[in-house]
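Please open the model in a viewer and keep the selection tool at hand. The stops below say what to select and what is found there.

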Amino acid sequence: MSWSSLNEFLAMGGYALYVWGSYAVAAGLIAVEVIMLIQRRRHALKAAKIPAGDAP
Amino acid sequence: MQTQAIGTINWFKFASPQSFYPLAGAMIPWFAWSAGLLCAAGLYVGFFVAPTDHQQGEAYRIIFIHVPAAWMSMFIYVVMAFWAGVGLVFNTRLSHMMATALAPTGALFTFLALWTGSLWGKPTWGTWWVWDARLTSELILLFLYFGFMALQAAIDEPRRADRAGAVLALVGVVNIPIIYFSVQWWNTLHQGASVSLTGAPTMAATMLTGMLLMALAAWMYSIAASLHRVRSIILERERGADWIAQGRVSP
């Protein structure tokens, strides 16, 4: 392991902005996609008049 | 038979939306869980096992998200164009639905490849962006995804939207080898491939392991996301079909 403390890990050898900027945006956008997927399904079930409890 | 009555050629059982819907539903949890576990393992190896790079320091750790995202951006496009082509040739609705379902996830990974590449370029090349072959062709890929989605959204009649989108997807596939070989064909700032099918990888084994775990996670995520989306598309488009109208959508 390259880190001796949490601060050192978060600092990423001075590249924190670039490394965490990459991972944060990736995690954020994937979270947005998952939320959009769930919403789209909810709308589709509603429009097809299927109660959410009935459909897996 | 119902499936024939609504115009599907029943080549394989699962070419019909009605049969595919529950199958996709059963597969989603497996792919989603695999994605989560592989991602956790990949991040662990990437941040806690892989050593510091002696040239780039810690900045290189962007690789664990950048390379998988870039691979997926190209691969999803090829799969999308494949389904679009199958849909054009055999006129199967489900193929077009698969193509439509893949596009947003492909666009997501393309954007992430560009974003992480930009954040990697700044500390290593000294610039966020250059108009070189690799970066420009990847940007064109993003516009192809957006164009595909916009074109389909702009046409009200689903079958016409399917065909128009499919033609665009197939024409755009020419961009994929351009992206892939751009680092060989042109003199670019972007480095060549570190991993190839023919030669030994030019990177530390633990770095490679982390990258491959993250790439597998991206695969599993993409499959889970597009199967989830295609189920919604099936519900939206087949709303009037008996099996949905009569509530026979489960399991």
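**Stop 1: the two chains**

Select the interface: 25 residues of chain A are in contact with 33 residues of chain B, contact being defined by C-beta atoms, placed from the backbone, that lie within 7 Å. The side of chain A that touches chain B has 17 nonpolar, four polar and four charged residues. In this classification, Ala, Val, Leu, Ile, Met, Phe, Trp, Tyr, Cys and Pro count as nonpolar, Asp, Glu, Lys and Arg as charged, and the others, Gly among them, as polar.

The model is predicted: local features need pLDDT of at least 70, side-chain atom pairs count only at pLDDT 80 or more, and totals for chains, interfaces and linings use all residues. For selections, residues are numbered from 1 along each chain as its sequence is written, while chains are lettered from A and ligands numbered from 1 in the order in which they are written.

**Stop 2: chain B overall**

Colour chain B by secondary structure. It has nine helices and zero strands, where helices (H or I, at least four residues) and strands (E, at least two) are DSSP runs numbered from the N terminus. From the N terminus on, the order is α-α-α-α-α-α-α-α-α. Of the 251 residues of chain B, 43% are buried. A residue is buried if 20 or more other C-beta atoms lie within 10 Å of its own, exposed if 12 or fewer, and partly exposed in between, with C-beta atoms placed from the backbone. Among the contacts in chain B with a separation of 6 or more, 76% join residues 24 or more positions apart.

**Stop 3: helix pairs inside chain B**

Select residues 17–49 and 205–237 of chain B, which are helices α2 and α8. Their axes come within 7 Å and cross at roughly 155°; axes are lines fitted to C-alpha atoms, for helices over the stretch in contact, and angles run from 0 to 180 degrees between N-to-C directions. α2(B) and α8(B) are therefore roughly antiparallel, as angles over 145 degrees count as such, with under 35 roughly parallel, 65 to 115 roughly perpendicular and the rest oblique. The contact of α2(B) with α8(B) divides into 24 nonpolar, eight polar and one charged residue.

Next, select α3(B) and α7(B) (residues 175–185), whose axes are 10 Å apart at an angle of about 155°. Met74(B), Tyr77(B) and Val78(B) of α3(B) meet Ile176(B), Ile179(B) and Tyr180(B) of α7(B). By class, that contact has six nonpolar, no polar and no charged residues.

**Stop 4: a helix pair across the chains**

Show α2(A) with α8(B). Their axes come within 9 Å and cross at roughly 20°, so α2(A) and α8(B) are roughly parallel. Residues to display include Glu33(A), Arg40(A) and Arg41(A) in α2(A), and His228(B), Arg229(B) and Glu236(B) in α8(B). The contact of α2(A) with α8(B) has six nonpolar, two polar and six charged residues.

**Stop 5**

Met12(A) has a positive phi of about 50° although it is not a glycine. Met12(A) is buried, with 21 other C-beta atoms within 10 Å.

Finish at Asn91(B), in the loop between α3 (63–90) and α4 (93–125) of chain B. Phi of Asn91(B) is near 60°, a positive value in a residue other than glycine. Asn91(B) is partly exposed, with 15 other C-beta atoms within 10 Å.

Methods
Two residues are in contact if their C-beta atoms, placed from the backbone, lie within 7 Å.
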